[in-house]
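Thank you all for making the time this morning.

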Amino acid sequence: MNICVFLSAADLDEHYTRPAKEFAELLGKGGHTLVWGGSDVGLMKVVADGVQESGGKLLGVSVDFLAAKAREGADEMVIAKDLAERKRLLLEKADAVVIMVGGTGTLDEATEILELKKHGHTDKPVVLLNTAGFYDGLKEQFRRMEDEGFLPRPLTELVFFAEEPVGALAYLEESQGIE
């Protein structure tokens, strides 16, 4: 399975990097391909390293202004002209999406896939990996949106909330019929 991971390129504390590495190792050992922003820095590097070291493949989609930070030795690296094209390519190449910890770029990518899903433009499974409670507030906001009628589909049809890496990958594999 090609699993797109939206996540930060920042250097982060171990309580974020350890679960990210765990997820990456599960992904690689499962024979999956990481589809990611292509950067070889921060949390993006941690995940790419873990996938590659565990036998998985790397498919990166970088963008012109970040091409200097693109990972050498990826199985495939595409350089998009802008962020909009990058998001489109990431989603096109993915069978599923995992949203990990990140900043405004990650949030932008996350809301785009959920908006596409909300309107029926994709049926790819989406997991929000809530490492160390990072997305507790966002989870609460999504529930409020659902409770107050802002979502035309049940929240459970849009996104699966996982607290641990093993639960995230198990959900994705189950949704794709992989045992």
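Leaving aside its neighbours within four places in sequence, which residues is Gln52 in contact with? Before I answer, please keep in mind that this is a predicted model, in which local features need pLDDT of at least 70 and side-chain atom pairs count only at pLDDT 80 or more, while totals for chains, interfaces and linings use all residues. Residues are numbered from 1 along each chain as its sequence is written, and side-chain values use heavy atoms, with hydrogens and water left out.

The answer is Leu58, Arg71 and Gly73, where contact means heavy atoms within 4.5 Å. Gln52 itself sits in helix 2, residues 42-53; helices (H or I, at least four residues) and strands (E, at least two) are DSSP runs, numbered from the N terminus.

Let me move on to helix 3, which covers residues 83-93. Its N-terminal end is capped by Asp82, with a side-chain oxygen 3.3 Å from the backbone nitrogen of Ala84. Within the helix, the buried residues include Leu89, Leu90 and Leu91, and Glu85, Arg86 and Lys87 are buried as well.

Next comes the loop between strand 6, residues 126-129, and helix 5, where we find Asn130. Is Asn130 buried or exposed? Asn130 is buried, because its relative accessible area is 1%, and, beyond four places in sequence, Asn130 is in contact with Tyr135, Asp136, Lys139, Ala162 and Glu163. Ala132 lies in that loop between strand 6 and helix 5 too, but Ala132 is exposed, because its relative accessible area is 55%. Ala132 also has a positive phi of about 55 degrees, although it is not a glycine.

Helix 5 itself, residues 136-147, holds Met145. Met145 is partly exposed, because its relative accessible area is 28%, and, leaving aside neighbours within four places in sequence, Met145 is in contact with Phe150 and Leu151. The C-alpha atoms of Met145 and Leu155, which are 10 residues apart along the chain, are separated by 8.9 Å.

Finally, the whole chain. Its secondary structure comes to 7 helices and 7 strands, and along the sequence the pattern reads β-α-β-α-β-β-α-β-α-β-α-α-β-α. The C-alpha trace spans about 45 × 35 × 35 Å along its principal axes, and 49% of the 179 residues count as buried. Of the contacts with a separation of 6 or more, 68% join residues 24 or more positions apart. As for charge, there are 19 positive and 32 negative side chains, and the centres of the two sets lie 3 Å apart; Lys and Arg count as positive and Asp and Glu as negative, with His and the chain ends not counted, and each charge is placed at NZ of Lys, CZ of Arg, CG of Asp or CD of Glu.

Definitions and conventions
Buried means under 20% relative accessible area, exposed over 50%, partly exposed in between (1.4 Å probe, protein chains only). A polar contact is a pair of N or O atoms within 3.5 Å; within protein, one must be able to donate a hydrogen and the other to accept it, and residues adjacent in sequence count only if both atoms are side-chain atoms.
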